[in-house]
Amino acid sequence: MSTHSQSTLSHTNFVDATPLPASVPSVEEVGTTSAPLKSASFFIGQYCKPYNDDFMSCKNENNDPKHCLKEGRKVTRCAIDLIQKLRENCGKEFDAHWQCLEKHNQELFNCRQPELTFNTCVFEKLGLEKKIPGSPEGQEQVHNKKNPVFTPQFN
């Protein structure tokens, strides 16, 4: 026979007050939700490539999370820097694209028009071009195709 007992879970948020060691430089949080991060993800990958490569090399050397905190903080600072530049230079286009992603369950194929406008602005003002890693060389990138296999199902 089953019995009922009071829940032992708390409804308060846990905040760890333990400070980081002095050897770990502090860094702010990126401060965005998943839609803006997805919108900027290819540009973050391109803009922050040296920091990402250093972080991944560090992780390959030692899988201890403490070992790569400095490198991870550099990646975070780089992402923050790029998102600030995107907001300053292409704010309207950036907002239109990530809000479209938010509205359409973060499916990129439903937001190709705002994506094209955003990509053009980023290329013109920051010199970054969206390239999908691992896509076949010499073929048109999927986000630039005029007649893709998948077309938007929702408007």
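What share of the 155 residues in the chain is buried? For this one, buried residues make up 25%. Keep in mind as I go that we're looking at a predicted model.

Okay, the overall layout. Take the contacts with a separation of 6 or more: residues 24 or more positions apart account for 66% of them.

Helix 1 covers residues 34-47 and helix 2 covers residues 49-61. Their axes sit 5 Å apart, and the packing angle is about 75°. Because angles of 65 to 115 degrees count as roughly perpendicular, helix 1 is roughly perpendicular to helix 2. Who makes that contact? From helix 1 you have Ile 44, Gly 45, Gln 46 and Tyr 47, and from helix 2 you have Lys 49, Pro 50 and Asn 52. Sorted by class, that contact has three nonpolar residues, three polar and one charged.

While we're on helix 2, have a look at Cys 58, which lies in that helix. Buried or exposed? Cys 58 counts as buried, since its relative accessibility is 4% and the cut-off for buried is under 20%. Setting aside residues up to four places away in sequence, Cys 58 touches His 67, Cys 68 and Glu 71. There's also a C-alpha distance to point out: Cys 58 and Leu 69 are eleven residues apart in sequence and 9.6 Å apart in space.

Now over to the other pair. Helix 4 runs over residues 112-126, and its axis comes within 8 Å of the axis of helix 3, with a crossing angle of roughly 170°. Angles over 145 count as roughly antiparallel, so helix 3 and helix 4 are roughly antiparallel to each other. The list of residues in this contact goes on for a while, so I'll just pick some. On the helix 3 side they include Leu 82, Leu 86, Cys 90, Phe 94 and Cys 100, and on the helix 4 side Pro 114, Phe 118, Cys 121, Val 122 and Leu 126 are among them. By class, the contact of helix 3 with helix 4 divides into eleven nonpolar, three polar and four charged residues.

Cys 90 is in helix 3, residues 69-103, and is buried, with a relative accessible area of 0%. Which residues does Cys 90 contact, leaving aside its neighbours within four places in sequence? Those are Lys 85, Phe 118, Cys 121, Val 122 and Lys 125. For a sense of the spacing, the C-alpha atoms of Cys 90 and Asn 119 are separated by 9.4 Å, and along the chain these two are 29 residues apart.

Phi of Asn 105 is near 55°, a positive value in a residue other than glycine. Gln 106 also has a positive phi, near 60°, and again that's a residue other than glycine. As for accessibility, Asn 105 is exposed, with a relative accessible area of 63%, whereas Gln 106 at 22% counts as partly exposed.

Back to helix 1 for Ser 39. Ser 39 is buried, with a relative accessible area of 5%. Not counting residues up to four places away in sequence, Ser 39 touches Phe 94, His 97, Trp 98, Leu 101 and Phe 118. Ser 39 and Glu 102 are 63 residues apart in sequence, yet C-alpha to C-alpha they are 9.9 Å apart.

Which residues line the largest cavity? Lys 38, Ser 39, Phe 42, Phe 43, His 97, Leu 108, Glu 115 and Lys 130. Helix 1 gives the most to that lining, with four residues. By class, the lining has three nonpolar, two polar and three charged residues.

Technical notes. Residues numbered from 1 in each chain as written. Predicted model: local features only at pLDDT ≥ 70, side-chain atom pairs only at ≥ 80, totals over all residues. Heavy atoms only, no water. Axes fitted to C-alpha atoms, helices over the stretch in contact; angles between N-to-C directions. Helix = DSSP H or I, 4+ residues; strand = E, 2+ residues; numbered from the N terminus. Parallel < 35°, antiparallel > 145°, perpendicular 65-115°, else oblique. Contact = heavy atoms within 4.5 Å. Nonpolar A, V, L, I, M, F, W, Y, C, P; charged D, E, K, R; others polar. Buried < 20%, exposed > 50% of the residue type's maximum accessible area, 1.4 Å probe, protein only. 1 Å grid on protein atoms, 1.4 Å probe; cavity = no way out; pocket = protein on both sides within 12 Å on 5 of 7 lines; lining within 4 Å.
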